[in-house]
Amino acid sequence: MKKIIFDSPQCAKIRECEAPSCKADEVLLRMERIGVCGTDIQVFMGRNRYMRFPVTPFHEGVARVAETGSGVDHVKAGDRVTIRPIINCGRCYACERGHENACEDFNCLGVQSDGLGAELFSIDKRFVYPIAEECSPDEAVLIEPFAVGVHAAVRGKAEGRRVLVAGAGTIGNFTAQACMLLGAESVCICDLSEDKVEMAKRSGISVCLNSSGRTLTEVAQEAFGTFPDVIIDCVGAKAVLPQILELAGKTTDIVIVGNYSEPVLIDVATIQRNELNVYGNITYTEKDFLKAAELITAGKVYTQGFISARFSFDQAQEMMDFAVANRGVNMKVVMDFG
Ligand SMILES: [Zn+2]
Ligand SMILES: [Zn+2]
């Protein structure tokens, strides 16, 4: 079988290698679709702080079961499945308390260990979930990124509250949709890119605003006439966090979803004086993942037009070059294994 290997910055190779075996309690998968996300772009560029070359990339995937090991009874050969790619230890402080996404031995496929960019992939049964046949691979591949949105909405306690989501890329859009589906009173999303604002409007998000040339405080004023109850940062850029603290009212909940790659200078007194609650946010728990699978397969999530480009397995290099070149405007690039 063949697998994709990133072995130096911006270099994707395809190598012939031995097919993985399928041991007890494991499922052997034949990959159908993978999605490319910001993390994969970071890995491709060699800029992710948790990775090491060479690595087989990708963590968002849909597959058919090729074979099951003994002790596997929730799926059988031929089933369409999705993969929860955060491999946790199950024994550490965080895992024992239901925060498996904050596992001390955090291992995301395609970053800390080899990922789904292979024709065949073998994995422990705990991370494999059957998907209804009616759910297409193009929809099912969005379950993983949607789970990030579900977790952010849960962290921000969005239900019944006014939520501002900064950043309308795939994760921002999905976070805003998740907040609405989980019962937020109103949701405003903003971005500097008009394309992403338009996409947010098509997705049915209550208030979609272009934030170029103005502050988040001005955006929130237009949306709510005041400050929001919850602010979810899906940008992760140096200029954003100080603006969020500036905008926050008393006791606002702030959830940090965007990946900050460098330290940011903030006025901590703003957090202290206003009793702000700043929450970290990393991926999702299994519960969030199952909720995302339920909402996507039930057709409750707007997914049309999210896939902006499609490549085949042998086009790994072209696909990654495209994803890098179009990261500002692009929603989701996928690989179709054919
Ligand atoms: Zn992802
Ligand atoms: Zn753990």
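Lysine 157 is partly exposed in this predicted model, with a relative accessible area of 41%. Lysine 157 lies in the loop between α4 and β10. The backbone there has a positive phi, near 45°, in a residue other than glycine.

A positive phi in a residue other than glycine also occurs at phenylalanine 58, where the angle is near 90°. Phenylalanine 58 sits in the loop between α1 and β4. With a relative accessibility of 0%, phenylalanine 58 counts as buried. The ring of Phe58 belongs to an aromatic cluster together with Phe6 and Phe44. The loop between α1 and β4 also holds proline 54. The peptide bond that joins phenylalanine 53 to proline 54 is cis, with omega about -5°.

Cysteine 135 is accordingly in no disulfide, and the nearest cysteine sulfur, that of cysteine 37, is 19 Å away. A disulfide would need the two sulfur atoms within 2.5 Å. Cysteine 135 counts as buried, at 3% relative accessibility.

Leucine 28 has serine 122 as its bridge partner in β8. Strand β8 covers residues 120–124, and four of its five residues are buried, so the strand is largely enclosed by the rest of the structure.

Helix α5 can be checked for length and for cover. It runs over residues 170–181, and at 1.5 Å a residue its twelve residues should span 16 Å; the end C-alpha atoms are 16 Å apart, which agrees. Is α5 mostly covered or mostly uncovered? The helix is mostly covered, with nine of its twelve residues buried. The buried residues are Thr170, Gly172, Asn173, Phe174, Thr175, Ala176, Gln177, Ala178 and Cys179. The elements that cover these residues include the helices α4 (143–155) and α6 (194–202). The strands β10 (162–166), β11 (186–191), β13 (230–233) and β17 (332–336) are also among them. After α5 comes glycine 183, whose phi is positive, near 95°.

The aromatic side chains form the last topic. How many aromatic pairs does the structure hold? There are eight. One of the pairs consists of tyrosine 129 and phenylalanine 289, a tilted pair with 5.3 Å from centre to centre and 45° between the planes. Tyrosine 129 belongs to strand β9 (residues 128–130) and phenylalanine 289 to helix α10 (residues 286–297), so the pair ties together parts that are 160 residues apart in sequence. Tyrosine 129 and phenylalanine 289 are both buried.

Phenylalanine 313 and phenylalanine 337 have ring centres 5.3 Å apart and planes at 45°, so this pair is tilted. Phenylalanine 313 is found in the loop between β16 (307–312) and α11 (316–325), and phenylalanine 337 in the segment after β17, so the pair ties together parts that are 24 residues apart in sequence. Phenylalanine 313 is buried, as is phenylalanine 337.

Notes:
Residues numbered from 1 in each chain as written. Chains lettered and ligands numbered in written order. Predicted model: local features only at pLDDT ≥ 70, side-chain atom pairs only at ≥ 80, totals over all residues. Heavy atoms only, no water. Buried < 20%, exposed > 50% of the residue type's maximum accessible area, 1.4 Å probe, protein only. Helix = DSSP H or I, 4+ residues; strand = E, 2+ residues; numbered from the N terminus. Pairing = 2+ DSSP bridges. Expected span 1.5 Å × (residues − 1). Contact = heavy atoms within 4.5 Å. Phe/Tyr/Trp six-rings, centres within 6.5 Å; stacked < 30°, edge-to-face > 60°.
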